[in-house]
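The sequence and structure are shown first.

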Amino acid sequence: MKVITANFVTCAVKECKTSPASFPLHFHDAELEQQELDFQPEFIRNILPRIDWEALRTISNELGFPSLPDSKPEGDALENEQTLRDLHRLLLETQVTEGKLTCGNCGHSYMIKEGIANFLLPSHLGEKYCPFVLLDHIRFANILPV
Amino acid sequence: MDYLVRFAQLHETFRRPELQACATLAGVDIGIITYNEYSPYCVVRLPDEAAARAVAKRSILVKDIFELWGEGTNYEELHADVRRRTQHRWNDYIAVPWKFTIDYFAGTRSPAQKGEIIRSFSYMGFKGPIRLTNPDEEFFVMEEYIDDVEVARLGVSRAEDPRKIYLSRKIADSCRENVLKYDLKKRRYISTTSMDAELSLITANMALAAPGKLFFDPFVGTGSFIVAASHFGALTLGADIDGRSFRGKESGKLGIYENFDQYGLKSKFVDTFTSDLTNTPLRRTAVLDGIVCDPPYGVREGLRVLGNRRGKPAVNVIIDGVPAYLRPGFIPPKKPYGFEALQNDVLNFAVRSLVPNGRLSMWMPTTNDEKTEFPVPMHQNLEIVSISVQYFNTWSRRLITYRRLPEGELSDTTQARKKIDDQGTSADDLNAFRRIVRII
């Protein structure tokens, strides 16, 4: 699992989603791997506004990387190639191949094996599926293809 | 300016939506002047040649694009139109090495007739030289006849002569050659449910995959859609409830990653993880530019979510003093899931996860029987951009593309009705589509 993905995921338990303690999930026993990938500055520029910077700082510290600046690079800072390259290295080139991701709210751990995290919940943690709530905004219509 | 698009004559209902999507990607306005599903030729209006090139370069269903020099229902009309449109430009081509090609749809001409047709344009005064390989300019005479399919379907009568003739100058090829490059037969890692290369690439186009974007497939399987989205430059994520589907059987190798490696797309691959869409670990915030998926619909691939079948309580099993779910190799119980409930989940997920104007392109099966036709799911925060259909013998499947509306805009869903299919516990109870296919 790459560092960028860790910034997009939280605990799969529904009750945890509203708790600030559930994000970011914390890495434990993490084995790291660096992989060189093509530098794609337009991707970093596009994705950076969607990154939770505080969470990225936390993860980066937990994985033992040098501290990130206090605030997210914005505006002119995004024209600085070194800044973008550093972010590219952290977000896309760094991955956790083995370890655990643990929720700070419920304490459940998700295993990472060979770089793949498993977010399936045991049945006592998964919410009973209730489509009646979700269906509130959904309507079906017969529409002919254009 | 008017341009002539030559389409591949298949997947007809996908052709216009894909062309529109390619124009959106190129950031140009396109006007479709004439289109006929029984013909490969389509006249469009675009701002300039650069725009025509850009649109064609992204399309899979377009074969190539031409500058329109004239059109008519017979040669008299065509020649008059060619004079009117292009007489002032003939001088520019007077000494250019050129080639004339006769292209026909559902018709044919003898070599002698072809020569005669080419000579009939001699008034343009092109001195050549004629160069059959790598000419600087290639002119096409296109003749459109009435095809047997149209005769059979619409009951029109077949005529001896073409019903439409065009003269055009070739501008650019499309990227249709990628259909061969991504052919499943040559792909390292596939399964029985892998989507074919052509439709995967079209799906990625409909969802506007492009460099700098982040795409996701929540039912990734062997990765057909995310490979296609990455081909167009997007970085991609995939998830599946069954990790074996993207991991593959070979230990130490990630099956889906082998595909990215094969096509030189390793830098576009972000991650795959095992998860269930109803309990997705993705944060409830807009991070995705596009979602491309073919949800399982319970015929070839079972419809399942995490949970226990009704009647079975959720118990925490303890084995040797350790809760079962903490033991290595634990497989959580899964239960059957409704076909429409699944679509609802995909739509709700898209609304939460897509950035404004981000797109969801989702496949959905339906029957060809009008009485049991399956309706299109709608959501007030999603606008339906296009619906295309691929027909099979007893059923068909649709590709529905939605746009995430920016906050403050709502789509009209008033004509739609509510529907719930989560009654019952077995796969057949929950899934009307499965019931019908089984009967057939």
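In which sense, left-handed or right-handed, does α1(B) pass α7(B)?

## Helix crossing

The model is predicted. In it, the crossing of α1(B) with α7(B) is left-handed. The axes of α1(B) and helix α7 (residues 197-206) of chain B come within 8 Å and cross at roughly 50 degrees; α1(B) is therefore oblique to α7(B).

On the side of α1(B), the contact is formed by B:F14, B:P17, B:E18, B:A21 and B:C22, while α7(B) supplies B:I202, B:N205 and B:M206. Classified by residue type, this contact of α1(B) with α7(B) comprises 6 nonpolar, 1 polar and 1 charged residues.

Chain B is assigned domain 1 (2-176) and domain 2 (179-439). Their contact draws 13 residues from domain 1 of chain B and 14 residues from domain 2 of chain B.

On the domain 1 side, helix α1 (residues 12-26) of chain B gives the most, with 8 residues. The residues of that side are 7 nonpolar, 3 polar and 3 charged.

## Sheet

Strand β1 (residues 2-7) of chain B pairs with strand β3 (residues 41-45) of chain B in the antiparallel sense, over 5 bridges. B:V5 has B:C42 in β3(B) as its bridge partner.

Key. Residues numbered from 1 in each chain as written. Chains lettered and ligands numbered in written order. Predicted model: local features only at pLDDT ≥ 70, side-chain atom pairs only at ≥ 80, totals over all residues. Domains from an automatic or database assignment. Contact = placed C-beta atoms within 7 Å. Helix = DSSP H or I, 4+ residues; strand = E, 2+ residues; numbered from the N terminus. Nonpolar A, V, L, I, M, F, W, Y, C, P; charged D, E, K, R; others polar. Axes fitted to C-alpha atoms, helices over the stretch in contact; angles between N-to-C directions. Parallel < 35°, antiparallel > 145°, perpendicular 65-115°, else oblique. Left-handed = near helix turned anticlockwise from the far one by under 90°. Pairing = 2+ DSSP bridges.
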